[in-house]
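My plan is to go element by element and jot down what I find.

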Amino acid sequence: MTDAFLTDPLGELLPPLTTQEALVESNRCLNCYDAPCTHACPTHIDVPRFIKKISTGNLIGSAAAILESNLLGATCSRVCPVQELCEGACVLQHEHRPITIGRLQRFAMDAAASAGVFPVKMSSVGKGKIAVVGAGPAGLSCAGELAKLGYEVTVLEKRDLPGGLSTYGIITLREPKEIALYEVEMLSRLGVKVESGRELGCSLSLTELQKSYDAVFLALGLEASPNLGIPGEEHILDGLDYVERSKIRRSEVELGNHVAVIGAGNTAIDCATIAKRLGSNRVTVVYRRTDKEMTAYPHEYEFIKAEGVEFRFLSQPSRVLVEAGKVTGLECVLMQLGARDSSDRPIPTRISGSEFVLDVDLVVKAIGQEKPSLAKSLGLETERGYLKVNEDFQTNLPGVFAGGDCVRHRGAASTVMAVQDGKLAAAAIHKKLVNA
């Protein structure tokens with residue numbers, strides 16, 4: 001149990017490394033040539049280089065090496081699934097234990113923040129105005145990379161605070177909102193302007209943006225959770241809103257004696273963690289497939305089991321039981337797995353007559369998010385409901401690019417992938433403008 005947990009049950013799970021711990025850990029690194037960890041990082045941070053600088057006490061230089069490849073290095077050091085990426089590729093993985101790359105990255109980024117510096121090289125090769133719609137990881141990454149190149153960049157965000165899911169949708173245990181907001185503040189030092197309360201289709205017109213700016217980057221993310229289509233659904237809480245309350249409005253987090261969380265992705269794990277750590281006696285995750293198909297990372301699954309959360313696999317909710325306006329149970333039906341769908345996941349089908357009731361008094365759903373609904377009205381082509389882009393992240397509309405979760409029609413969506421999208425899109429925008 002960490003000190004953070006003693007003061008806040010949702011405080012950051014891992015404490016920061018001490019200077020001595022960071023020196024010992026950094027000196028374990030073998031400084032591999034053509035390092036597998038660097039290849040495994042979606043943003044291709046030169047991991048041996050930044051770790052070597054920690055071992056010599058050059059923490060600002062270490063942060064600079066990270067920021068060369070990833071302007072959201074502080075966020076990614078906390079939320080990246082390092083077990084699946086850089087640390088999972090470490091050559092010490094099998095013979096001993098992998099270097100704790102994520103915690104070392106956090107150590108370097110926190111050191112730079114404490115010193116009040118944001119060591120990023122600037123240039124003035126680009127000239128022009130760029131609009132970025134959406135202040136999540138993809139949008140901020142793109143904005144920062146373009147600002148580095150000398151462009152005048154304005155980020156237009158519909159919510160009050162920038163940061164996207166980093167601010168609102170990732171549990172504090174993994175990333176406090178202050179980290180995301182700090183990175184936005186650092187990007188402002190590069191000249192990035194952020195305007196809140198600007199929503200595409202309401203206070204913003206894409207056509208007007210095309211006229212007023214040399215290029216537009218859409219980082220729209222995804223929308224609310226889809227409906228389950230079951231009786232009593234109006235009494236189910238939305239998972240992302242549940243996480244947001246825990247970060248922004250803690251006093252509004254609803255708890256119960258027995259909480260059911262529908263879904264088995266990383267947001268579902270976050271919701272179960274919130275309910276359990278804030279005082280619910282029992283928490284049960286309900287999922288219509290098995291643990292082999294759940295989309296939560298394996299290490300998150302192991303973590304939540306250790307928290308005492310229960311699982312009901314091969315179970316699909318069919319009705320919320322309500323008396324006098326209060327939830328009294330969740331009716332479910334047992335499922336069996338059959339043929340595989342287009343994503344190669346087995347299709348669950350109901351077992352007739354297998355209904356049962358979970359005695360719960362609060363239900364939260366975390367079953368993914370709806371695809372961007374604005375696409376059709378904006379004249380944007382889609383692929384499987386996501387915005388369709390070419391290899392340069394350009395949409396079918398002239399001068400309009402897109403990246404992040406709103407284009408992720410295949411592969412896993414994650415913060416670090418969104419950051420890389422923004423970086424690559426910025427390079428493509430720059431190339432197009434200088435060659436125009």
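Which are the buried residues of helix 9? I looked them up and got P137, A138, G139, L140, S141, C142, A143, G144, E145, L146, A147 and K148. By "buried" I mean under 20% relative accessible area, with exposed being over 50% and partly exposed in between (1.4 Å probe, protein chains only).

Ground rules, before I go on. This is a predicted model, so local features need pLDDT of at least 70 and side-chain atom pairs count only at pLDDT 80 or more, while totals for chains, interfaces and linings use all residues. Residues are numbered from 1 along each chain as its sequence is written, and side-chain values use heavy atoms, with hydrogens and water left out.

**Helix 9**

Helices here are DSSP runs (H or I, at least four residues), strands are too (E, at least two), and both are numbered from the N terminus. Helix 9 covers residues 137–148. Twelve of its twelve residues are buried, so helix 9 is largely enclosed by the rest of the structure. I checked its length as well: from first C-alpha to last it reaches 16 Å, close to the 16 Å expected at 1.5 Å a residue. (The expected span is 1.5 Å times one less than the number of residues.)

Between A143 and G256 I get 113 residues in sequence and 42 Å in space, C-alpha to C-alpha. After helix 9 comes G150, with a positive phi near 105 degrees.

Next I went to the second largest pocket, which has a volume of about 560 Å³. The lining has 25 residues, and L13, L14, R78, Q83 and H299 are the closest to the pocket's centre. Helix 6 (73–79), helix 8 (101–115), helix 14 (266–277) and helix 15 (298–306) are the elements that give two or more residues to this lining. By type, I count eleven nonpolar, six polar and eight charged lining residues.

Terms for this entry: the search uses a 1 Å grid over the protein atoms alone, and a pocket is an open set of points with protein on both sides within 12 Å along at least five of seven lines; lining residues have an atom within 4 Å of a point. The volume is the space filled by probe spheres set on the points. Ala, Val, Leu, Ile, Met, Phe, Trp, Tyr, Cys and Pro count as nonpolar, Asp, Glu, Lys and Arg as charged, and the others, Gly among them, as polar.

**Salt bridges**

How many salt bridges are there? The count comes to 28, taking a salt bridge as a side-chain nitrogen of Lys or Arg within 4 Å of a carboxyl oxygen of Asp or Glu. I looked at some of them.

R408 forms one with D421, with the closest N and O atoms 2.6 Å apart. R408 sits in the loop between strand 16 (400–402) and helix 17 (415–434), and D421 in helix 17, 13 residues apart. Both ends are buried: R408 at 14% relative accessible area, D421 at 4%.

R198 and E195 make another, at 2.5 Å between the closest N and O atoms. Here R198 is partly exposed at 26%, and E195 is partly exposed at 31%.

I also found a network of salt bridges that links R159, D241, E244, R245, R249, E252 and E254.

**Strands**

Two strands pair if DSSP finds at least two bridges between them. Strand 9 (residues 315–323) and strand 10 (residues 326–340) run antiparallel, joined by eight bridges. They form a hairpin with two residues between them, and A324 in the turn has a positive phi of about 55 degrees.

R340 is exposed at 51%.

Last entry: an open sheet of five strands has the order 5-13-6-7-8, with parallel pairing. Its edge strands are strand 5 (237–238) and strand 8 (310–312), each pairing on one side only.

Methods:
1 Å grid on protein atoms, 1.4 Å probe; cavity = no way out; pocket = protein on both sides within 12 Å on 5 of 7 lines; lining within 4 Å.
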